[in-house]
Amino acid sequence: MSTADQQTPALRPMYRLQWEEAQGCYVLLYPEGMVKLSQSAGEILNRVDGRRTVSELVTDLQIAFPGADLEQDVRNFLTQAQNHGWLDL
Amino acid sequence: MAGSISDLTGQPLWLLAELTYRCPLQCPYCSNPVDISRYNNELSTDEWLKVLRDARSMGAMQLGFSGGEPLVRRDLEELVTEARRLGYYSNLITSGVGMDADRVAAFREAGLDHIQISFQASSQDLNDFLGGTSSFEHKRAMARAVKAQGYPMVLNVVLHRRNIDAIEDIILMCRELQADFVELASTQYYGWSRINLDALLPTREQLTRAEAVARKYQAQFKDEMKVIYVVPDYFEERPKACMNGWGSIFLTIAPDGSALPCHAAASLPGMSFPNVKDLSIKEIWEHSDAFNRYRGFDWMPEPCRSCPEKQKDFGGCRCQAYMLTGDAAATDPVCSKSPDHQQLVRQVEALGKLSDEAAASRPLVFRNMKNSRQLAAQSDH
């Protein structure tokens with residue numbers, strides 16, 4: 001599966017993304033489970049809202065983290081997240 | 001003291017709130033303690049609210065409202081509201097009995113994240129026989145109400161010798177009810193199910209057939225419904241990583257406020273479990289003897305102590321080790337490296353040789369207060 005530029009990924013309704021002060025990271029919560037997210041995964045998912053397109057997400061992240069070449073990482077992560085069943089594209 | 005707190009104590013990420021042991025169902029495989037009749041002193045609403053706040057400040061994120069039947073507690077909506085305010089992902093683990101569409105809507109309003117409904121079987125007759133009450137049609141109606149509110153829904157069916165051959169019907173029923181997840185959890189033998197082991201343990205042939213069916217539908221429904229199939233660990237060669245290790249991430253609070261590293265731990269002899277009425281959750285988690293007893297690796301005997309897999313399975317389950325060997329610190333006999341493994345294998349094989357008729361004629365001890373009192377009286381003598 002690929003992430004086309006104009007797709008607008010959204011977190012599936014059963015998932016909740018939350019910043020956890022005690023863990024110092026974003027976590028993804030779902031029925032009887034949770035995943036601690038890496039910093040980059042958290043930053044990406046925090047921008048995923050069902051409205052922003054993949055290209056807009058990439059642009060947003062490049063503004064927030066200038067100097068890094070993020071595009072491929074973002075696309076790879078979105079594909080992974082979709083394979084985990086976290087996202088609807 | 002076992003383990004070093006500074007490097008091994010995790011956070012109690014998982015809080016299981018067993019609100020009550022009262023339950024309208026009488027499932028003979030219930031994982032509650034056999035002595036449920038001794039728990040007649042339930043925490044008050046305020047005491048539960050304090051548990052929720054304290055555990056959350058210790059890092060808890062996942063919260064299970066369980067029991068018994070948690071719907072028996074009329075303050076459940078209030079507890080759910082506070083759980084949402086505190087930032088828990090809250091799960092209601094219920095039989096569906098005691099629920100109606102209004103209450104489902106009220107939970108939605110209060111911020112409950114997910115509802116798991118149990119079924120005992122895919123046919124009304126067997127479901128109602130095993131639950132000891134007529135609940136099948138109500139459960140189906142409640143599953144529909146849960147989906148109508150837009151909830152993610154897990155349907156849970158505990159599998160055993162009496163219902164496992166209907167696994168295909170069970171999966172198709174769950175699909176029809178639009179479950180997001182199906183947990184086909186084989187009975188684990190603790191509490192009531194241990195008493196009923198002879199009648200409930202499936203045969204190896206049953207398991208082989210059931211697993212093939214589960215695999216088929218896992219593939220077929222991959223994108224619509226996740227099918228989780230768990231085999232009974234008595235048939236395995238390596239133990240389960242019970243609770244992800246003792247005192248590692250799980251905290252159970254029993255109806256009377258006892259704090260337990262797992263919901264079966266009260267069955268262990270010679271341990272006194274701290275109570276949230278007396279101590280803070282922080283003191284309990286970090287400093288109580290009960291939570292440190294089997295934490296980490298220092299308590300382990302051989303063959304676990306020198307085993308390269310100890311970081312993966314933590315020596316298995318303490319309650320099971322005690323039940324099968326009389327020593328809670330022993331290696332879980334499910335492990336083929338345990339000196340007690342062969343005895344378990346022989347027991348499983350012997351039960352597998354029981355004919356279907358013989359197994360079906362074994363009496364089931366149903367989980368209810370009357371039977372609990374009788375069993376407690378017997379064990380006191």
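In what order do the three strands of the open sheet in chain A stand? The order is β2-β3-β4, and the pairing is antiparallel. Strands here are DSSP runs of E with at least two residues, helices are runs of H or I with at least four, and both are numbered from the N terminus. Two strands pair if DSSP finds at least two bridges between them.

This is a predicted model, in which local features need pLDDT of at least 70, side-chain atom pairs count only at pLDDT 80 or more, and totals for chains, interfaces and linings use all residues. Residues are numbered from 1 along each chain as its sequence is written, while chains are lettered from A and ligands numbered from 1 in the order in which they are written.

Return to the sheet of chain A. Its order is β2-β3-β4. β2(A) and β4(A) stand at the edges, and each has a single partner strand, so one side of each is left without a neighbour in the sheet. On average, neighbouring strands of this sheet are turned by 30° against each other, direction ignored. Axes are lines fitted to C-alpha atoms, for helices over the stretch in contact, and angles run from 0 to 180 degrees between N-to-C directions. β3(A) and β4(A) share four bridges in the antiparallel sense. Tyr30(A) stands opposite Gly33(A) of β4(A). Helix α1 of chain A, residues 39-47, packs on the sheet and touches β2 and β3 of chain A. The direction of α1(A) makes about 60° with that of β3(A).

Now look at the loop between β3 and β4 of chain A. Glu32(A) lies there. Glu32(A) is not a glycine, yet its phi is positive, about 55°. Most residues other than glycine have a negative phi, and most peptide bonds are trans. Glu32(A) has 16 C-beta neighbours inside 10 Å and counts as partly exposed. A residue is buried if 20 or more other C-beta atoms lie within 10 Å of its own, exposed if 12 or fewer, and partly exposed in between, with C-beta atoms placed from the backbone.

Met34(A) is found in strand β4 of chain A. With 19 other C-beta atoms within 10 Å, Met34(A) is partly exposed. Which residues does Met34(A) contact, leaving aside its neighbours within four places in sequence? In chain A they are Val27(A), Leu28(A) and Leu29(A); in chain B they are Leu13(B), Met61(B) and Gln62(B). Two residues are in contact if their C-beta atoms, placed from the backbone, lie within 7 Å. Met34(A) and Tyr15(A) are 19 residues apart in sequence, and their C-alpha atoms are 9.2 Å apart in space.

That brings us to where the chains meet. The contact takes eleven residues from chain A and 15 residues from chain B. On the side of chain A, β2 (16-20) and β3 (25-30) are the elements that give two or more residues. The largest share, three residues, comes from β2(A). By class, this side of chain A has seven nonpolar, one polar and three charged residues. Ala, Val, Leu, Ile, Met, Phe, Trp, Tyr, Cys and Pro count as nonpolar, Asp, Glu, Lys and Arg as charged, and the others, Gly among them, as polar.

Turn to chain B. Its secondary structure comes to 17 helices and nine strands. The radius of gyration of chain B is 20 Å, close to the 21 Å that the globule rule gives for 381 residues, so chain B is as compact as a globular protein of that length. The radius is taken over C-alpha atoms, and the rule is 2.2 Å times the number of residues to the power 0.38. Buried residues make up 50% of the 381 residues in chain B.

Helix α7 of chain B, residues 167-176, has the buried residues Ile167(B), Ile170(B), Ile171(B), Met173(B) and Cys174(B). They cover an arc of only 160° around the axis, which puts them on the same side of α7(B). The arc is that of the directions from the helix axis to the C-beta atoms. These buried residues pack against β5, β6, α10 and β7 of chain B. Gln178(B) follows α7(B), and its phi is positive, near 65°.

Finally, two peptide bonds of chain B. The bond from Gly67(B) to Gly68(B) is cis, with omega near 10°. The bond from Glu302(B) to Pro303(B) is cis, with omega near 5°.
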